[in-house]
Amino acid sequence: MSKYFKKIVDRSQLNTRAGTEVVVPAKFGELSSLIICRCSFLQSLIQSVIYATHGPELLGAKTALKDIPSPKARMEFLSTFPYSKADPVVSSVFDFARDLFKDIYELRNVLAHEDWRMSDDFKDVVLFSSLGEEAKLSLASGRLLHEQATTPQQVYEAAIRYIESVKIVSVGDLEEAIRDANLCSWILMQVRHVLDESEPEKKDKIREAFLIFSGTSHLFEPATSLSEKVEVRTSKKKTTGG
């Protein structure tokens with residue numbers, strides 16, 4: 001279940017409007033654009049962290065970016081680096097940022113690639129319909145007309161599956177996603193600062209922010225120590241998980 005949208009349940013019919021008949025709630029379009037903008041910035045930060053984590057192996061970073069084009073896969077790739085053991089503080093906040101990014105990126109793809117729809121049954125929200133799911137429903141309906149073996153029950157079941165795939169997004173969902181995107185940006189920028197900083201005292205000051213900032217302090221016990229230091233990789237075989 002996604003953090004930023006809900007699904008339709010217990011319905012066998014859904015009447016919607018699309019195209020020029022869609023009138024989105026106030027602020028919805030503006031917030032949607034802002035989420036896409038924030039997500040692009042997060043992808044830029046992920047790229048910069050990949051370069052920082054590779055240290056002097058710049059060609060290795062370039063290869064990683066080429067071989068792992070998916071932003072979600074890049075975050076997974078970064079989570080395998082040595083600081084996961086050498087620096088539990090950075091590891092914890094990075095894993096938290098990774099989970100935030102996955103949800104934000106999923107919402108970004110819904111906003112950017114799915115069909116925007118409205119329904120009188122769902123006020124002050126926008127419904128999102130996957131083009132792939134729409135195609136499946138059209139296929140089932142077409143088969144009823146052209147293939148004798150297809151039954152109305154099969155079309156009905158296809159319609160139910162389509163309805164259950166529709167996503168409901170509110171202005172409140174978008175506002176929550178923007179707050180999380182801002183937090184994720186801050187975490188990635190701080191991680192980059194930790195990796196770039198060469199002086200131990202300054203590095204500890206940056207890492208200490210994770211322990212006291214309200215957005216990340218909940219990840220740690222009050223007695224969390226900063227005694228272990230981060231180690232930037234000098235050699236690491238890349239993986240290309242999806």
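**View 1. Asp124 lies in strand 4, residues 122–129.** Strands here are DSSP runs of E with at least two residues, and helices are runs of H or I with at least four, both numbered from the N terminus. The model is predicted: local features need pLDDT of at least 70, side-chain atom pairs count only at pLDDT 80 or more, and totals for chains, interfaces and linings use all residues. Residues are numbered from 1 along each chain as its sequence is written, and side-chain values use heavy atoms, with hydrogens and water left out. Asp124 is not a glycine, yet its phi is positive, about 60 degrees. Most residues other than glycine have a negative phi. Asp124 counts as exposed because its relative accessibility is 63%. Exposed means over 50% relative accessible area, buried under 20%, and partly exposed in between (1.4 Å probe, protein chains only).

**View 2. Lys27 sits in the loop between strand 2 (17–18) and helix 1 (28–54).** Its phi is near 75 degrees, a positive value in a residue other than glycine. Lys27 has 46% relative accessibility, so it counts as partly exposed.

**View 3. Ser2 belongs to the segment before strand 1 (6–7).** With 10% relative accessibility, Ser2 counts as buried. Its side chain reaches the backbone nitrogen of Tyr4 at 3.3 Å. The side chains of Ser2 and Glu106 are joined by a polar contact of 3.4 Å. A polar contact is a pair of N or O atoms within 3.5 Å; within protein, one must be able to donate a hydrogen and the other to accept it, and residues adjacent in sequence count only if both atoms are side-chain atoms.

**View 4. Asp180 is placed in helix 8, residues 171–196.** Asp180 is buried, because its relative accessible area is 11%. Its side chain makes a polar contact of 2.6 Å with the side chain of Tyr4. Setting aside neighbours within four places in sequence, Asp180 is in contact with Lys3, Tyr4, Leu100 and Ile104. Contact means heavy atoms within 4.5 Å.

**View 5. Helix 5 (residues 88–113) packs with helix 8 at an angle of about 140 degrees.** Their axes are 9 Å apart. Axes are lines fitted to C-alpha atoms, for helices over the stretch in contact, and angles run from 0 to 180 degrees between N-to-C directions. The two helices are therefore oblique to each other. Angles under 35 degrees count as roughly parallel, over 145 as roughly antiparallel, 65 to 115 as roughly perpendicular and the rest as oblique. Helix 5 crosses helix 8 in a left-handed sense. Left-handed means that the near helix is turned anticlockwise from the far one by less than a right angle; clockwise is right-handed. Ala, Val, Leu, Ile, Met, Phe, Trp, Tyr, Cys and Pro count as nonpolar, Asp, Glu, Lys and Arg as charged, and the others, Gly among them, as polar.

**View 6. Helix 8 packs with helix 9 (residues 200–212) at an angle of about 160 degrees.** The axes lie 9 Å apart. That angle makes helix 8 roughly antiparallel to helix 9. Their crossing is left-handed. The contact of helix 8 with helix 9 has eight nonpolar, two polar and two charged residues.
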